[in-house]
Amino acid sequence: MDPLKLNKLDEAIISSPLGAIQVLGDENGVQSILFLEDAKPFTEDIPKSLSIAVQELTDYFTKKTKDFTFKLNPQGTEFQQKVWQQLCTIPFSKTSSYLDMAKALGDPKVIRAAASANGKNPISIVIPCHRVIGSDGSMTGYAGGIWRKEWLLNHESAVTQGTLF
């Protein structure tokens, strides 16, 4: 293994309807997919380790797919990993509440910890933290901004006319 490559992740900056997205990862999987607020040039030559992720994200935004098959490698605590795995069980076009998540994790008392771990999700869209809403159906915080959360939920909605929020 090249010692200069050690701990260096491949990067791709791609365009989306929600603005620029940074994809970071390597041969072990994608470590993060984050929305960028500051302008950065888009990547012309996508690294091989990220090519499937970039293609599937592009297909997601054009409604050609709703499934992601590329390998994930998010970095976090054991509890965060459990929460992120739980997020992946929320079906496409469905939502869940923080309380439902805490119950699914085995303890309704961990609702705040689950919400905190949800907010630290490093792989936007694919680990679908945008599908978690308040118990009363209200829109709640989203690291990428509430407007992006609303867009994603509307994008995934089976209803094609109007919007959900």
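**Exercise 1. Find the charged pair that involves Glu11, and say where its two members lie and how exposed they are.**

Step 1. Glu11 makes a salt bridge with Lys40, and their closest N and O atoms are 3.1 Å apart. A salt bridge here is a side-chain nitrogen of Lys or Arg within 4 Å of a carboxyl oxygen of Asp or Glu.

Step 2. The pair links distant parts of the chain: Glu11 sits in strand β1 (residues 10-14) and Lys40 in the loop between β3 (29-35) and α1 (51-61), 29 residues apart. Helices (H or I, at least four residues) and strands (E, at least two) are DSSP runs, numbered from the N terminus.

Step 3. Glu11 has 31% relative accessibility and counts as partly exposed; Lys40, at 40%, also counts as partly exposed. Buried means under 20% relative accessible area, exposed over 50%, and partly exposed in between (1.4 Å probe, protein chains only).

A note on the basis of these values: this is a predicted model, in which local features need pLDDT of at least 70 and side-chain atom pairs count only at pLDDT 80 or more, while totals for chains, interfaces and linings use all residues. Residues are numbered from 1 along each chain as its sequence is written, and side-chain values use heavy atoms, with hydrogens and water left out.

**Exercise 2. Which side chain of opposite charge is nearest to the buried Lys149, and what does Lys149 contact?**

Step 1. Lys149 is found in helix α5.

Step 2. Lys149 has no salt bridge, and the nearest side chain of opposite charge is Glu150, 9.2 Å away.

Step 3. The side chains of Lys149 and Thr140 are joined by a polar contact of 3.2 Å. A polar contact is a pair of N or O atoms within 3.5 Å; within protein, one must be able to donate a hydrogen and the other to accept it, and residues adjacent in sequence count only if both atoms are side-chain atoms.

Step 4. Not counting residues up to four places away in sequence, Lys149 touches several residues, including Tyr98, Cys129, His130 and Tyr142. Contact means heavy atoms within 4.5 Å.

**Exercise 3. Describe the setting of Cys129.**

Step 1. UniProt, in an unreviewed entry, lists Cys129 for "active site". UniProt positions are given in the numbering used here, feature names are shortened, and annotations may be inferred rather than shown by experiment.

Step 2. Cys129 is in the loop between α4 and β5 and is buried, with a relative accessible area of 5%.

Step 3. Leaving out residues up to four places away in sequence, Cys129 touches Leu87, Asn118, Asn121, Tyr142 and Lys149.

**Exercise 4. Characterise strand β1 and its pairing with β2.**

Step 1. Of the 5 residues of β1, 4 are buried, so the strand is largely enclosed by the rest of the structure.

Step 2. β1 pairs with strand β2 (residues 21-26) in the antiparallel sense over 5 bridges. Two strands pair if DSSP finds at least two bridges between them.

Step 3. Val23 in β2 is the bridge partner of Ala12.

Step 4. The hairpin of β1 and β2 has 6 residues between the strands, and Gly19 there takes a positive phi near 100°.

**Exercise 5. Where do Lys63 and Ser93, with their positive phi values, lie?**

Step 1. Most residues other than glycine have a negative phi.

Step 2. Lys63 has a phi near 60°. Lys63 lies in the loop between α1 and α2 (78-87) and counts as exposed at 53% relative accessibility.

Step 3. Ser93 has a positive phi of about 70°. Ser93 lies in the loop between α2 and β4 (96-97) and counts as partly exposed at 34% relative accessibility.

Methods
Lys, Arg positive; Asp, Glu negative; His and termini not counted.
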